[in-house]
Structures are given as C-alpha cells and as structure tokens.
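Please open the structure in your viewer and keep the selection tool at hand. The tour goes from one selection to the next, with a short account of what is there.

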Amino acid sequence: MTSQSQGIQQLLQAEKRAKDKLEEAKKSVNEAKEEAIAEIDHYRLQREKEFRNKQTNVMGSQGNLSAKIEEQTTETVRNLTSSYHKNMESMMKKLLSTICDINPEVHPNFRHAV
C-alpha cells in the first residue's frame, strides 16, 4: 500500500510540476506576444513616419509647382490685360472708320437706262 500511495504522491507532484511549467509557458507566451505587439506597433509608427515624410516631400514639391503655375498664370493675365488696354483704342478707331466711313459708289455692272 505504501508503494501505491507513494506512487500516487509522485504522480500528484509530477502533475503539479507539469501544471507549474504550463503556467510558466503560458506566461512566457503572453510576454512574447506583448513584446511582438510592441515591436509591431513601433515598426508601424516608424513606417508611417517615413511615409508621411515622403508624402510631404512629394506633396511639397507639387505645392511649389502649383505656386509656380499660379504665378505664371497671373503674369500671363497681366500681360494680356496690358496688351488689351494698349491696343483697344486703335482697334476701336479702325472698326469705327470701317463702319462709319462709307463711300457710296455705283457698281461697275450697273447700266444706266437712257
């Protein structure tokens, strides 16, 4: 009997040790999982920061391009307006003289009936 109770005691102790090791393994897995999540979050933040920097560089250059185009457009409009004001009076004179200065003439094909 004593050997049987001794065997049961050994089994119970082995079960307890296995349970302790299992708990220890679970704790290690949880710690590893938390560390992995922390590393992933750190990596994600780093990549997002790099992406934002690249995006800022690209969009910043597009912003400069947009400013240059806006400046060129403004200059072109200014030049066209200046040309319009400079040439408007002479064109109006030519137009009015063409319309108002009429020289009535008889058409060469007109036959005068006598």
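Begin by selecting glutamate 48 and arginine 52, which both lie in helix α1 and are four residues apart, about one turn of the helix. Keep in mind throughout that this is a predicted model. Between glutamate 48 and arginine 52 there is a salt bridge, in which the closest N and O atoms are 3.5 Å apart. Glutamate 48 counts as partly exposed at 32% relative accessibility, and arginine 52 is also partly exposed, with a relative accessible area of 47%.

Next, select arginine 47 and glutamate 50, whose side chains meet in a salt bridge of 3.0 Å, N to O. These two residues, arginine 47 and glutamate 50, are three residues apart in helix α1, again about one turn of the helix.

Now move to glutamate 89 and lysine 93, where a further salt bridge has its closest N and O atoms 3.6 Å apart. The structure holds five salt bridges.

For a view of the surface, select Tyr84, Met88, Met92, Leu95 and Ile99, which together make a nonpolar patch of about 500 Å². Tyrosine 84, found in helix α1, is partly exposed, with a relative accessible area of 49%.

Then select Glu31, Glu34, Glu35 and Glu39, which form a negative surface patch. Glutamate 35 has its place in helix α1, which covers residues 2-100, and glutamate 35 is exposed because its relative accessible area is 53%, where exposed means over 50%.

Finally, select residues 5-46, which UniProt lists, in an unreviewed entry, as "coiled-coil region". In the model this span is 100% helix and 0% strand, and its end C-alpha atoms lie 61 Å apart.

Definitions and conventions
Residues numbered from 1 in each chain as written. Predicted model: local features only at pLDDT ≥ 70, side-chain atom pairs only at ≥ 80, totals over all residues. Heavy atoms only, no water. Patch = residues over 30% accessible without salt bridge, like charges linked within 9 Å, V, L, I, M, F, W, Y side chains within 5 Å. Areas by Shrake-Rupley, 256 points an atom, 1.4 Å probe, with all protein chains shown as cover. Salt bridge = Lys/Arg side-chain N within 4 Å of Asp/Glu carboxyl O. Lys, Arg positive; Asp, Glu negative; His and termini not counted. Charge placed at Lys NZ, Arg CZ, Asp CG, Glu CD. Buried < 20%, exposed > 50% of the residue type's maximum accessible area, 1.4 Å probe, protein only. UniProt positions renumbered as here; feature names shortened; annotations may be inferred.
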